[in-house]
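Reader: I have a structure open and want to talk through some of its side-chain contacts and its surface. Can we go through it piece by piece?

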Amino acid sequence: MSSDNVLLATGALVVAHCGVLMGTVCLPFAASFLLDGIVQLLRGDGPKLFLGSLGLVVLLAGAGYALWQFGAGYPGVEMERPALMVTVSLYLVAVSTVLALIGFVLRTVRLLRDARREADRLQYMQMSPL
């Protein structure tokens, strides 16, 4: 195997690893923003956040999958390495999903708390004499 082939195989692995990182780390966080968009839709605040996060999820999923397939399908890549990527990706997706859900819950609690404070402030302003 020549040095050019080794370099190309290494580059293909880097591309495949970038695809795995996009799918296992970035995608759960984008999906948590999609949940935020659903919450905004249910509250009647409009579809702006939902549509933006839906586009981001589709973009990250498609790009991550394409990079992974391109990198792992390169002829010079050894078959053991993609199997190791699957093992690592399972750990990454587990951790990032938990962190993304924690972030979603914290953002939702903050949104509800701020909405409650705003409602209390408006009620106080209506009751106070001018």
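Reader: Arg121 and Glu118 first. How far apart are they in helix α3?

Author: This is a predicted model. In helix α3, Arg121 and Glu118 are three residues apart, so about one helical turn separates them.

Reader: And what do their side chains do?

Author: The side chains of Arg121 and Glu118 meet in a salt bridge, with 2.7 Å from N to O.

Reader: Why would they pair at all?

Author: Side chains of opposite charge can pair when their charged atoms come close.

Reader: How many salt bridges does the structure hold?

Author: Five. Among them is the one between Arg113 and Asp114, where the closest N and O atoms are 3.6 Å apart.

Reader: What about accessibility for Arg113 and Asp114?

Author: Arg113 is partly exposed, with a relative accessible area of 40%. Asp114 has 38% relative accessibility and therefore counts as partly exposed.

Reader: Which residue does Arg43 form a salt bridge with?

Author: Asp45, with 3.2 Å between the closest N and O atoms. Arg43 counts as partly exposed because its relative accessibility is 37%. For Asp45 the value is 46%, so Asp45 also counts as partly exposed.

Reader: Change of topic. Which residues form the nonpolar patch on the surface?

Author: Phe29, Val95, Val98, Leu99, Ile102 and Leu106. Together they have about 540 Å² of accessible area.

Reader: Which helix gives the largest share of that patch?

Author: Helix α3, residues 80-127, which contributes five residues.

Reader: Where does Leu106 sit, and is it buried or exposed?

Author: Leu106 is in helix α3. Its relative accessibility is 57%, and the cut-off for exposed is over 50%, so Leu106 counts as exposed.

Reader: Last one, Thr10. Which helix is it in?

Author: Thr10 lies in helix α1, which covers residues 3-43. Thr10 counts as partly exposed because its relative accessibility is 42%.

Methods: Residues are numbered from 1 along each chain as its sequence is written. This is a predicted model: local features need pLDDT of at least 70, side-chain atom pairs count only at pLDDT 80 or more; totals for chains, interfaces and linings use all residues. Side-chain values use heavy atoms; hydrogens and water are left out. Patches are made of residues with over 30% relative accessible area and no salt bridge: like charges are joined within 9 Å, nonpolar side chains (Val, Leu, Ile, Met, Phe, Trp, Tyr) within 5 Å. Accessible areas come from the Shrake-Rupley method with a 1.4 Å probe; for residues, only the protein chains shown count as cover. A salt bridge is a side-chain nitrogen of Lys or Arg within 4 Å of a carboxyl oxygen of Asp or Glu. Helices (H or I, at least four residues) and strands (E, at least two) are DSSP runs, numbered from the N terminus. Buried means under 20% relative accessible area, exposed over 50%, partly exposed in between (1.4 Å probe, protein chains only).
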